[in-house]
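Subject: Structure handover

Hello,

Please find the structure below. My notes on what was found in it follow.

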Amino acid sequence: MYKEFFEAFILVFVAELGDKTQLMLITLAAKYTVIQMLAGILIGVLLNHGAAVYIGCFISDLTDAYLLQVFAGIIFIIFGIMTIVYEEKDEKAKQYNLGPVITTALTFFIGEMGDKTQLTCMTLSMDALYPLTVLAGSVAAMLTIGFIGIIVGTSLTKHIPSYIIKTISGLIFIIFGVMRLII
């Protein structure tokens, strides 16, 4: 149970470092309070990653456990390589006139659609004994990284080049992927 929580937390946390939604937080942080933004992140991520966990559990009922392990390992290695190689374009945060909490929730819900953190959550839940623990770990990671993005995100990128953050994040995904293929 704790393993699933911490695995989801670590993978989602490192995947989100320097990601587009974290960068959007910096823009939104200039307009909204920390509490408003954290509430929005919570709502958006619960809906987005909740759907991912549901889909992951559904897929796991249709597939053999060994194949799920192999699939998860390959997916994590691919995510790691993509994180290191893929160059994201800067996107300005979409702003809606729905209030700070709903704006932040929509930003995260839409921004995370099909994102590696959502797919990570879905993949982890495929073979999880406690899928809600995976959801709790991913939501906790998103709230933590969101808080960091709000508070120190702007100064972090001034001192550590983004390519170093991306490389470390990618390597962690590759390590988790290889571990799933070996074990």
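The largest nonpolar core has 32 residues, and I41, F76 and V134 have the most contacts inside it. A nonpolar core here is a set of buried Ala, Val, Leu, Ile, Met, Phe, Trp, Tyr and Cys residues joined through side-chain atoms within 4.5 Å. Buried means under 20% relative accessible area, exposed means over 50%, and partly exposed is in between (1.4 Å probe, protein chains only). Two or more residues of this core come from each of helix 1, helix 2 (20-29), helix 3 (34-60), helix 4, helix 6 (116-126) and helix 7 (131-151). Helix 7 gives the most, with seven residues. Helices are DSSP runs (H or I, at least four residues), as are strands (E, at least two), and they are numbered from the N terminus. As general background, nonpolar side chains tend to be buried together in soluble globular proteins.

Before the rest, two notes on the source. This is a predicted model, in which local features need pLDDT of at least 70 and side-chain atom pairs count only at pLDDT 80 or more, while totals for chains, interfaces and linings use all residues. Residues are numbered from 1 along each chain as its sequence is written, and side-chain values use heavy atoms, with hydrogens and water left out.

On the surface, I74, I78, M82, Y86 and L181 form a nonpolar patch with about 480 Å² of accessible area together. Patches are made of residues with over 30% relative accessible area and no salt bridge; like charges are joined within 9 Å and nonpolar side chains (Val, Leu, Ile, Met, Phe, Trp, Tyr) within 5 Å. The areas come from the Shrake-Rupley method with a 1.4 Å probe, and for residues only the protein chains shown count as cover. Helix 4 (residues 65-85) gives the most to the patch, with three residues. L181 lies in helix 9 (residues 162-182) and is partly exposed, at 40% relative accessible area.

Next, aromatic pairs: the whole structure holds three. Rings of Phe, Tyr and Trp (its six-membered ring) pair if their centres lie within 6.5 Å; planes under 30 degrees apart count as stacked, over 60 as edge-to-face and the rest as tilted. F5 and F6 make an edge-to-face pair, with ring centres 5.4 Å apart and planes at 85 degrees. F5 and F9 are stacked, because their planes are at 20 degrees, with centres 6.3 Å apart. F5 and F9 are both in helix 1 (residues 2-16), four residues apart, about one turn of the helix. Ring pairs link F5, F6, F9 and F13 into a cluster. F5 is partly exposed at 23% relative accessible area, and F6 is partly exposed at 45%.

Helix 1 also contains both E7 and K3, four residues apart. These two form a salt bridge, their closest N and O atoms being 3.7 Å apart; the structure holds one such bridge. The criterion is a side-chain nitrogen of Lys or Arg within 4 Å of a carboxyl oxygen of Asp or Glu. E7 is buried, with 10% relative accessibility, whereas K3 is exposed at 59%.

Finally, a search of the whole structure finds zero disulfides (cysteine sulfur atoms within 2.5 Å). C57 is in none, and its nearest cysteine sulfur, in C121, is 9.4 Å away, too far for a bond. C121 is buried, at 0% relative accessible area.

Regards
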